[in-house]
Amino acid sequence: MGNVTSNVAAKFTFFQPDPPTYDVYREEDGRLVFPGVTTDKNMEVHLLETKVGNKVVATFWRHPFARLKVLYSHGNAADLGQMHELFIELRAHLRVSIMSYDYSGYGASTGKPSEFNTYHDIEAVYNCLKREYRIKQEELILYGQSVGSGPTLHPGSRLQRLRGVVLHSAILSGIRVLYPVKMTFWFDIFNVGFVQGALFIGRFNLIGPGPGPERFKDIQNGWPNPNEGQTRHVLTRKIG
């Protein structure tokens with residue numbers, strides 16, 4: 001019964017665009033190319049293999065003067081092909097480099113979306129940040145929107161020296177998307193650890209509005225104003 005309920009919760013949690021809005025291909029020199037993104041945009045494409053063999057597409061939007069980096073786990077019903085303008089705007093306004101990725105089964109990433117696949121996905125992306133860009137925990141902000149709050153909390157509850165963790169319109173759990181329960185069931189999905197000092201933006205729900213650069217500025221500059229926007233909790237420590 002638990003496995004059946006868990007599978008049902010997963011089906012109601014993941015809504016990937018069908019068909020995907022993009023594909024990636026390799027040039028003759030072996031370089032991966034993301035259609036519609038020219039070289040002057042300073043974006044690098046990666047195809048990362050997870051520990052279960054899925055191939056996950058990740059894009060690194062480099063800012064030449066970035067002090068901080070953001071690992072961005074996007075919301076539901078979207079893939080990377082729909083998010084170019086958001087990443088370009090955030091990078092320009094905030095002077096951060098952004099690593100984004102598609103979950104297994106989203107966009108051009110292979111496999112099927114599931115709770116544990118999203119954990120493997122973000123682990124592969126984080127390892128890429130360490131390996132390819134020499135990024136330290138102290139320089140990294142984890143950002144998860146909607147369903148992206150689940151994978152964000154996976155490393156967020158384990159890595160102790162992160163610059164910050166931001167949860168935007170986070171889901172409480174898979175079952176709580178379906179039923180207004182107050183208990184935590186062992187077969188539920190996205191029952192992950194608590195992160196002290198995390199910033200919550202918006203209501204707890206399944207799909208929420210996209211973040212604006214002004215809210216990210218609050219994060220970089222320190223304490224957000226709890227009377228503005230939909231901030232539910234303020235930081236218990238500064239990020240910026």
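User: Among contacts in the chain between residues at least 6 apart in sequence, what percentage join residues at least 24 apart?

Analyst: The value is 68% of those contacts, where a contact means heavy atoms within 4.5 Å. The chain belongs to a predicted model, in which local features need pLDDT of at least 70 and side-chain atom pairs count only at pLDDT 80 or more, whereas totals for chains, interfaces and linings use all residues. Residues are numbered from 1 along each chain as its sequence is written, and side-chain values use heavy atoms, with hydrogens and water left out.

User: How many of the residues of the chain count as buried?

Analyst: Of the 240 residues, 54% count as buried, that is, they have under 20% relative accessible area, with exposed meaning over 50% and partly exposed in between (1.4 Å probe, protein chains only). The chain holds six helices and ten strands, which are DSSP runs numbered from the N terminus (H or I and at least four residues for helices, E and at least two for strands).

User: What makes β5 count as largely enclosed by the rest of the structure?

Analyst: Six of the six residues of β5 are buried, so the strand is largely enclosed by the rest of the structure. Leu 68, Val 70 and Tyr 72 point one way from β5, while Lys 69, Leu 71 and Ser 73 point the other way, and all are buried.

User: How do you know that β5 and β6 pair, and in which sense?

Analyst: Strands pair if DSSP finds at least two bridges between them, and β5 and β6 have six, in the parallel sense. Val 70 has Ile 98 as its bridge partner in β6. Just after α2, Arg 95 has a positive phi of about 55 degrees.

User: How many bridges join β5 to β7?

Analyst: Five bridges join strand β5 (residues 68-73) to β7, and the two run parallel. Tyr 72 has Tyr 143 as its bridge partner, and Val 70 stands opposite Ile 141. Five bridges also join β7 to β8 (residues 164-168), again in parallel, with Gly 144 opposite Leu 167. From β7 the chain reaches β8 through helix α4 (residues 149-156) in a right-handed β-α-β crossover. Strand β7 (residues 140-145) is itself mostly covered, with six of its six residues buried.

User: Why is α4 called largely enclosed, and what covers its buried residues?

Analyst: Eight of the eight residues of α4 are buried, so the helix is largely enclosed by the rest of the structure. The cover over its buried residues includes β5, β6, α3, β7 and β8.

User: What is the nearest side chain of opposite charge to Asp 102?

Analyst: Arg 26 is that side chain, and it is 16 Å away; in this count Lys and Arg are positive and Asp and Glu negative, with His and the chain ends not counted. A salt bridge calls for a side-chain nitrogen of Lys or Arg within 4 Å of a carboxyl oxygen of Asp or Glu, and Asp 102 is therefore buried without a salt bridge. Asp 102 is found in the loop between β6 (96-101) and α3 (115-133), where its side chain reaches the backbone nitrogen of Leu 80 at 3.2 Å. Residues that Asp 102 touches include Tyr 22, Val 56, His 74 and Ser 109.

User: What are the closest N and O atoms of Arg 31 and Asp 29 apart, in Å?

Analyst: The distance is 3.9 Å, and the pair therefore counts as a salt bridge under the 4 Å limit. Arg 31 counts as partly exposed at 41% relative accessibility, while Asp 29, at 59%, counts as exposed. Glu 27 joins Asp 29 and Arg 31 in a network of salt bridges, and the count of salt bridges comes to eight.

User: Which parts does the pair of Arg 161 and Glu 138 tie together?

Analyst: The two side chains meet in a salt bridge at 2.9 Å, N to O. Arg 161 lies in the loop between α4 and β8 and Glu 138 in the loop between α3 and β7, so the pair ties together parts that are 23 residues apart in sequence. Glu 138 counts as partly exposed, at 36% relative accessibility.

Conventions:
Right-handed = clockwise from strand over helix to strand, strands pointing away. Polar contact = N/O pair within 3.5 Å; in protein donor to acceptor, adjacent residues only side chain to side chain. Lists of a residue's contacts leave out its neighbours within four places in sequence.
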